[in-house]
Amino acid sequence: MKKTVDLLKKLSSVDAPSGWEDRAVEEIEKILKEGRRTKLGGLVHEAKGRGRFRKRVGVFAHVDEVSLVVSAEAGDGFFYIETVGGVDPKILPASKVKVYTRDGVVRGVIGIMAPHITPPEKKGKVQGYDDLLLDVSMDDWRKVRVGDRVVLDVQPCELNGKVCGKALDDRAGCTALILAREFLKKLFSKNDVYFVFSSMEEVGGGGAKTVAHELKIDYAIVVDVTFAEKIEGYQKIEIGKGPAIGIGPFIDRELAKRAMEIAKENGINHQIEALPMRTGTDADDVRRAWVGIKTLLLSIPLLHMHTPVEIVDPKDVEETARLIAHVAASL
Amino acid sequence: MYLKELTNLNGGSGDEERVRKFIEEKIRGKVDDLRIDNLGNLIAFKKGKKSSLKIGLLAHMDEVSFMITAVNEDGTLSFRPVGGIDPRVVVGKTLRIKDKVGVVGYRPIHLQREMKEKVTFDELRINVGASKKEEVKDIEVGDYAYFTTEYEERDGFVTAKALDDRVGCSLMIDLVEKAEPTYDTFFIFTVGEEVGLLGSSVVMEQLDLDASIILEGTTAGDLPSAEKDRWATHLGNGPVLTFFHRGYVIDERILKALIEVAEKENIPYQMKRRTAGGTDAAMIARTAKGAPAAVVSVPCRYIHSPVSIASLEDYENTFKLVKAVLESDILAGKLP
């Protein structure tokens, strides 16, 4: 568990906004020691199987995280920002940020006007991106240019055994893949398994789908996170109760059933997530890659998605890893 | 015609098994080859007199349906649409979940504060007669729920659920049985159309067609409550040709070829006068190397509801038109 927590924290603390995934990819490369880069900036790590008739199984987690971008200059060290992937502007006021410029990292804050001088008509109003200002006046702000990427400057922490931080969507998935790779070594794996750390999920950019096409895999296991909040009309997915196995038109039914059986056989906690339409993950695109790929979706329950205080239970990450390994080895 | 059997079967997006099986049984032995691909599309091949062109006919097997999303403490079921369904069509209806039925009730009129309150899936529940969670047997999150309308035929019209697109499936089986195609023809029964053209998105990577015709049940809207010039199509006016819809504008060459055949054979046809909606044509045209596609539809009133209506005469004329196209060499000079 210690190892899982450390891995989660380490990967959470790396900054890798969509399209600028290199830092996370490098970190994972160091951990896995082997791998090759994909054209769109992801990483593929191959684990050869020992079966006579080997299937090709791709396991996907995305390395990119939601972020901000400098969109305009406001003068004197102030800038306007926009979101890349869905960041709720409500979480931004009074945050420290890092700006990745061509000349290194510049620190700043997104401020908010003190209550004393906020005009009555603006009191309590939610600020959108048009009203928020990035303030880098305290640092070397002349390095900052439009197009530079901005991430929240937060460090992960532990909360009663759970891990809290930014970018756990989907570094929790990446962690599960790394653990699954370890676990797979202890199993007899019939199949060739490709661990894919893919790019650009948060902007729908096709980092996973293109690799699926290139690898011509028979099966895909997409590993992402899902809401652990109660959603009206849906069974609640809970933290600490294991990965959620998705069911719906974008997921291969037999594969989902098989995953449930394998989970039961191996005493792996799991939950069921009904996905009546699109899944909102790379599964939607991977399923339609190449000639169509039999796709499974495993989701790690997570609280406060796309905020700097995402929370996951490391137990869920480990259960997910075990399930990945057992499914990938035995298909 | 297998419209009765096909519309009475339940097959939502991702749950097409029963429909696929039925079709497979009907056409096996009548085609030269048949297979099911990774996504569950059923692809049958019939050799033509010539092999210089590869023609694809497509109809989707799935219908709009529902999925159980929660079994609640009070024994009710929460559910969501699989495909585009207006929540207003479900109120007061009976749904089937596996071998069970449930009803979608609503607050009595007396207890509604405002009569025009909006109906949403957030609040709708299926009642299966259970008063607590433990009483709900054999129903799980992820199960599909279906409209229960039985096929009915009267005075040249049919009333059924799922006419979109079992009407296309039925036409395709008829064509497998009765048409002698000029060119090699693939009969492709797709999955997941209603959730975003899922099945058709992997067809071109497998088949590399030269041209395709999508057979659909399309929306009519020929109602007194709508201005006549706003009707999309009209029941009884024959097969519908689409010139443009979401994501694709129909290739001039194929559209003109279809019109030419219809006029030569004296088959009535109408143009769809709205550009709303989309079909598998968009995916065939834009995936892999792509191929031009046409859309020929039977007009259906009230699609995506438990009671849609179509005219058998339109069905017959649609069959005639597509058969005539398949048996002609009209596409030969038209395609590059």
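This is a predicted model: local features need pLDDT of at least 70, side-chain atom pairs count only at pLDDT 80 or more; totals for chains, interfaces and linings use all residues.
Helix α1 covers residues 2-13 of chain A and helix α7 residues 314-330 of chain A, and their axes come within 9 Å and cross at roughly 100°. Angles of 65 to 115 degrees count as roughly perpendicular, and α1(A) and α7(A) are therefore roughly perpendicular to each other.

The largest nonpolar core holds 175 residues, of which Val59(A), Ala176(A), Ile221(A), Ile324(A) and Ala328(A) touch the most other members. Which helix gives the most to this core? That is helix α3 of chain A (residues 168-185), with 9 residues. The surroundings of Ala328(A) can be followed residue by residue in the structure above. Neighbours within four places in sequence left aside, Ala328(A) is in contact with Val57(A), Val59(A), Leu184(A), Ser189(A), Asn191(A), Val193(A) and Ile221(A). Two of these partners, Val59(A) and Ile221(A), are also among the residues that touch the most other members of the core.

Turning to chain B, its secondary structure comes to 7 helices and 19 strands. The radius of gyration of chain B is 21 Å, close to the 20 Å that the globule rule gives for 336 residues, so chain B is as compact as a globular protein of that length. The C-alpha trace of chain B spans about 65 × 45 × 35 Å along its principal axes. Of the 336 residues in chain B, 50% are buried. As for contacts in chain B with a separation of 6 or more, 77% are accounted for by residues 24 or more positions apart.

How many residues of chain B are in contact with chain A? There are 25 such residues, and they are in contact with 20 residues of chain A. On the side of chain B that touches chain A, the elements giving two or more residues are the strands β4 (65-71) and β5 (76-82) and the helix α4 (203-207), each of chain B. By class, the residues on this side of chain B divide into 11 nonpolar, 10 polar and 4 charged.

Terms used. Residues are numbered from 1 along each chain as its sequence is written. Chains are lettered from A and ligands numbered from 1 in the order in which they are written. Axes are lines fitted to C-alpha atoms, for helices over the stretch in contact, and angles run from 0 to 180 degrees between N-to-C directions. Helices (H or I, at least four residues) and strands (E, at least two) are DSSP runs, numbered from the N terminus. Angles under 35 degrees count as roughly parallel, over 145 as roughly antiparallel, 65 to 115 as roughly perpendicular and the rest as oblique. The radius of gyration is taken over C-alpha atoms; the globule rule is 2.2 Å times the number of residues to the power 0.38. A residue is buried if 20 or more other C-beta atoms lie within 10 Å of its own, exposed if 12 or fewer, and partly exposed in between; C-beta atoms are placed from the backbone. Two residues are in contact if their C-beta atoms, placed from the backbone, lie within 7 Å. Ala, Val, Leu, Ile, Met, Phe, Trp, Tyr, Cys and Pro count as nonpolar, Asp, Glu, Lys and Arg as charged, and the others, Gly among them, as polar. A nonpolar core is a set of buried Ala, Val, Leu, Ile, Met, Phe, Trp, Tyr and Cys residues joined through C-beta atoms within 7 Å.
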